[in-house]
Amino acid sequence: MGGFVTAALGFPAVLFSFLLIVVIGYWLLALLGAVDVDEFDGGDGLLAGFGGVPLSISLSLLIAFTWFASLVGTVLLDDLELSTPWRIGLGVGVLAVALVLGTLGTRVIVVPLRRVFGPAREPSRKDFVGRAAVIRTSSVTHDFGQAEVAAADGSTAIVDVRQAGQGNLTAGSRVVLYDYDSEREFFWVESLDI
């Protein structure tokens, strides 16, 4: 245990050892309800965290990964038994490498977390543009028609559709919704059997 404490208090790991103690304390307070986890998340600015994940989570991961990488580097430097100037110079190099590895490790974890913490936006009819649909009325003209389209979540909707040119779109025809007219609230369609 003495070797671990010596390595954790050696340069450059010591810089992140104290930060890791702060992170552990923060999460213990959050677990007890004394700290609001969202309180320190700075919105869309510099303090927004990595890629939309809350700052408290992304910064905690960054400190943990960087601490571990610097701890490994400190142990490797201790095994070399270098003179003080060389030890400080290589320690600065280990610090730089630890920051890069910590950032990469954080990125690997944060990318899948984006789906969980990403901004929830309201669904829009424009989400259907580019999707395939099936005609549900007897025909589609420039002023009449409906089709059934599936949303990204698997649910379906019946939407009003119009055809710009001449064609023979009848019930059961497969079409693509290629544009949405928000004023008149319908989709322009074209046959998938071109």
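**Terms first.** I call a residue buried when its relative accessible area is under 20%, exposed when it is over 50%, and partly exposed in between. The model I am reading is predicted.

**Entry: salt bridges.** I searched the whole structure and found three salt bridges.

I began with Glu185 and Arg125, whose closest N and O atoms are 3.6 Å apart. This pair links distant parts of the chain, 60 residues apart: Glu185 is in the loop between strand 4 (174-181) and strand 5 (186-191), and Arg125 is in the loop between helix 4 (84-117) and strand 1 (132-135). Arg125 has a relative accessible area of 43%, so I note it as partly exposed. Glu185, at 44%, is partly exposed too.

Next I looked at Glu148 and Arg136, which form a salt bridge with 2.8 Å between the closest N and O atoms. Glu148 belongs to strand 2 (residues 146-150) and Arg136 to the loop between strand 1 and strand 2, so the bridge ties together parts that are twelve residues apart in sequence. Glu148 is partly exposed at 25%, and Arg136 is partly exposed at 46%.

Then came Arg184 with Asp181, again a salt bridge, with the closest N and O atoms 2.8 Å apart. Are its two ends buried or exposed? Arg184 is exposed at 58% relative accessibility, while Asp181 is buried at 14%.

**Entry: strands.** I followed strand 3 (residues 156-163) to its partners. Strand 2 runs antiparallel to strand 3, and five bridges join them. Ala147 has Val159 in strand 3 as its bridge partner. The hairpin of these strands has five residues between them, and there Gly154 takes a positive phi near 95 degrees. Strand 5 runs parallel to strand 3, with three bridges joining the two. Here I found Gln163 opposite Val189 of strand 5.

**Entry: nonpolar cores.** Which residues have the most contacts inside the largest nonpolar core? They are Ile135, Val159, Val161, Leu177, Phe187 and Val189, in a core of 14 residues. Strands 1, 2, 3, 4 and 5 each supply at least two residues of this core. Strand 4 gives the largest share, three residues. I checked Val161 by itself: leaving out residues up to four places away in sequence, its contacts include Ile135, Phe144, Ala147, Leu177, Phe187 and Val189. Another core lies apart from this one; it has ten residues, among them Ala7, Phe16, Val23 and Leu71.

**Entry: rings.** I counted five aromatic pairs. One of them is Phe4 with Trp67, edge-to-face, at 6.3 Å centre to centre and 75 degrees between the planes. It links distant parts of the chain, with Phe4 in helix 1 (residues 2-8) and Trp67 in helix 3 (residues 55-80), 63 residues apart. Phe4 is partly exposed at 41%, whereas Trp67 is buried at 14%.

Tyr26 and Trp27 also pair edge-to-face, with 5.1 Å centre to centre and 80 degrees between the planes. Tyr26 is buried at 15%, and Trp27 is partly exposed at 30%.

I also noted that ring pairs join Phe128, Tyr180 and Phe187 into a cluster. Phe187 is a name I had already written down for its contacts in the largest core.

**Last entry: a charge over a ring.** Which ring does the charged end of Arg162 sit over? I found it over the ring of Phe186, 5.1 Å from the centre. Phe186 is also among the residues that Val161 touches.

Methods:
Residues are numbered from 1 along each chain as its sequence is written. This is a predicted model: local features need pLDDT of at least 70, side-chain atom pairs count only at pLDDT 80 or more; totals for chains, interfaces and linings use all residues. Side-chain values use heavy atoms; hydrogens and water are left out. A salt bridge is a side-chain nitrogen of Lys or Arg within 4 Å of a carboxyl oxygen of Asp or Glu. Helices (H or I, at least four residues) and strands (E, at least two) are DSSP runs, numbered from the N terminus. Buried means under 20% relative accessible area, exposed over 50%, partly exposed in between (1.4 Å probe, protein chains only). Two strands pair if DSSP finds at least two bridges between them. A nonpolar core is a set of buried Ala, Val, Leu, Ile, Met, Phe, Trp, Tyr and Cys residues joined through side-chain atoms within 4.5 Å. Contact means heavy atoms within 4.5 Å. Rings of Phe, Tyr and Trp (its six-membered ring) pair if their centres lie within 6.5 Å; planes under 30 degrees apart count as stacked, over 60 as edge-to-face and the rest as tilted. A charge sits over a ring if NZ of Lys or CZ of Arg is within 6 Å of the ring centre and within 35 degrees of the ring normal.
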